[in-house]
Amino acid sequence: MSAEQVLQYIFAGITVGSIYAFVAIGYNIIYNTTGIINFAQGEFVMLGGMISFTFSRFMPLFPAIIIAVLITAAIGGLIEIVFIRRMRKNSVLGMIVVTIGISILLREAALYIWDEQIRALSFFTGTEISSVSVFGARISPQVLWVLGVTLVIVGGLFFFFKFTLTGQAMRACSENSRAAKLCGIKTDSMVNFSFMLSAGIGALGGCVVSPLTQTHYAMGTDLAIKGFIVAILGGLGNPIAAVAAGLILGLLESFSISILPMAYKDVISIIILLIILVAKPSGLFGSKQVSSLKDF
Amino acid sequence: MLKIRNLEAGYDKLKILKGISLHVKSGEIVTIIGANGAGKTTLLNTITSIVKTTGGNIDFKGVDVTNVSPDLLVKKGCALVPEGRQLYPAMTVKENLILGAYTLYRRREHKKALENLENIYTMFPVLEERKTQLAGTLSGGEQQMVAIGRALMSGPDMLLMDEPSMGLAPLIVKDIFRTVEELRDKGKTILIVEQNAKAVLEIADRGYVMETGSLILEGSAEDLLDNNDVKRAYLGRDYKDFTD
């Protein structure tokens with residue numbers, strides 16, 4: 001394999017990995033406030049791509065993306081009010097099953113509203129044939145967009161959860177929602193906000209990667225599984241680690257293609273999930289101390 | 001400061017509180033003692049509106065606070081130190097404390113919150129030493145300090161405490177109760193629910209005895225310590241000890 005080829009594989013891996021990371025970030029935000037895994041997260045990515053594509057026919061690209069992010073965030077908030085809020089008194093497992101139902105609902109709704117055709121947003125800068133040269137490898141400028149947006153979101157989230165009062169209050173809700181109430185935190189609005197935030201971030205991810213990977217109404221399921229593997233790999237509850245884990249999984253998949261047949265790509269990620277769950281359930285970057293203080 | 005009239009509450013059909021009436025005056029330490037299952041914790045949870053009231057009313061500083069949302073009571077100046085401490089275990093000590101002042105920060109009173117934090121660090125110096133440690137890794141006594149500190153962060157006039165001695169060694173219980181006395185001397189009003197009757201009656205001004213959802217006895221702390229029924233039921237003395 002030549003050096004350029006290696007670079008080509010690396011960039012392909014990073015692109016795919018970023019999409020996984022977007023899904024995993026969403027998982028982590030909702031997990032951080034409610035302690036549940038929202039399996040409809042992949043559908044938010046799909047909705048972002050679909051809605052922005054529809055609006056981009058009437059307006060320039062960037063306003064269309066902003067509208068798509070806002071609409072998807074609103075859908076996320078609505079899902080919390082309609083389904084999750086009344087389930088919260090029951091069990092965590094019950095809520096997780098509900099999110100699987102919501103994911104099916106969103107997928108079928110998307111099939112009804114749009115159709116089964118594959119769509120793609122236009123490239124943010126240049127066209128599909130334009131490329132920039134990085135250390136001798138030719139990559140699409142869109143890859144740089146994906147990387148840039150991922151970095152900004154990771155930085156923003158790190159700051160938000162660690163240093164802002166709202167971010168800390170959201171974490172408090174997941175750790176002990178009764179105590180959070182006693183501190184005067186409105187737990188309902190925090191949970192609602194976490195759904196909006198992760199839906200919005202998922203949608204933004206869906207827009208940024210759409211030119212490269214296309215958007216399809218059923219793409220969510222696959223992403224949900226990969227994103228879940230990434231979230232576990234990085235350590236549940238840690239959005240920053242999720243990005244690192246996403247890139248690792250993306251690179252592994254991308255390089256596996258050069259050795260194994262393409263069809264075995266998914267096998268790799270499932271094997272990784274099994275190994276992690278058995279060997280280090282707190283994830284690659286998760287601290288044992290922290291995870292021992294949590295429910296699961 | 002706190003007046004409760006004929007309070008009734010429970011879980012679904014199970015009635016726990018059967019007409020509780022009590023009052024706490026400003027600057028007092030009042031205790032409610034009683035055995036397991038008497039309804040002490042339910043009473044505090046009802047005052048903070050975590051359990052809904054089904055009858056009667058609660059009056060705090062002259063305002064009716066029956067069934068208001070928990071954050072409103074915190075804003076009004078009444079904070080609960082919950083049973084079993086209920087910290088945020090995977091967050092640092094400092095973050096735990098900061099979140100206690102959530103309502104202050106929301107009202108943009110950052111200075112006051114910072115002041116409260118300093119006061120808590122002076123009261124519990126060990127918390128300042130451990131401010132970056134995860135709360136769940138502290139010892140039981142230190143966790144209780146964080147719980148008390150967190151409740152104090154909102155700058156309340158009244159503190160409700162639910163079994164602060166739970167699971168602590170006798171020496172540490174003494175420390176905690178000394179802190180409670182200090183707080184009273186600083187002008188806080190305290191309602192404290194306890195099973196450890198002897199320890200708490202030593203610092204309290206007045207007390208109530210609770211049994212299966214009703215208050216059966218009321219009196220000054222000395223009277224209760226002398227009361228034969230209290231001695232037998234809660235202070236672990238035999239009839240023989242005082243009938244002979």
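How many residues of chain A are in contact with chain B, and how many of chain B with chain A? The legends below take this up first, using a predicted model.

**View 1. The contact between chains A and B.** Here 19 residues of chain A are in contact with 26 residues of chain B. The most comes from α6(A), with six residues. By class, the chain A side that touches chain B divides into nine nonpolar, four polar and six charged residues.

**View 2. The largest nonpolar core.** This core has 156 residues. Those with the most contacts inside it are A:Ala24, A:Ile25, A:Val230 and B:Leu160. Domain 1 (1–77 + 158–244) and domain 2 (85–155) of chain B both give residues to the core, so the core lies between them.

**View 3. The surroundings of A:Val230.** Which residues does A:Val230 touch, not counting residues up to four places away in sequence? They are A:Tyr20, A:Ala21, A:Ala24, A:Ala242, A:Ala245, A:Gly246 and A:Leu249. One of these, A:Ala24, is also among the residues with the most contacts inside the largest nonpolar core.

**View 4. An open sheet in chain B.** Strands of a sheet pair through backbone hydrogen bonds, either parallel or antiparallel. This sheet has four strands in the order β2-β1-β4-β5 (chain B), and the pairing is antiparallel. Its edge strands are β2 (14–24) and β5 (63–64) of chain B. Each edge strand pairs on one side only.

**View 5. Strands β1 and β2 of chain B, with a helix.** Strand β1 (residues 2–11) of chain B pairs with β2(B) in the antiparallel sense, over eight bridges. B:Ile4 stands opposite B:Leu22 in β2(B). Helix α1 (residues 40–47) of chain B packs on the sheet. There α1 touches β1, β2 and β4 (53–60) of chain B. The direction of α1 makes about 70° with that of β2(B).

**View 6. The two domains of chain B.** The domain assignment gives domain 1 (1–77 + 158–244) and domain 2 (85–155) of chain B. Taken over C-alpha atoms, 24 Å separate the centres of these domains. Their contact takes 11 residues from domain 1 and eight residues from domain 2 of chain B. On the domain 1 side, α2 (70–76) and α8 (170–185) of chain B each supply at least two residues. Helix α8(B) gives the most to this side, with four residues. The domain 1 side that touches domain 2 has six nonpolar, two polar and three charged residues.

Key:
Residues numbered from 1 in each chain as written. Chains lettered and ligands numbered in written order. Predicted model: local features only at pLDDT ≥ 70, side-chain atom pairs only at ≥ 80, totals over all residues. Core = buried A, V, L, I, M, F, W, Y, C linked by C-beta atoms within 7 Å. Buried ≥ 20, exposed ≤ 12 C-beta atoms within 10 Å, placed from the backbone. Domains from an automatic or database assignment. Contact = placed C-beta atoms within 7 Å. Nonpolar A, V, L, I, M, F, W, Y, C, P; charged D, E, K, R; others polar. Pairing = 2+ DSSP bridges. Axes fitted to C-alpha atoms, helices over the stretch in contact; angles between N-to-C directions.
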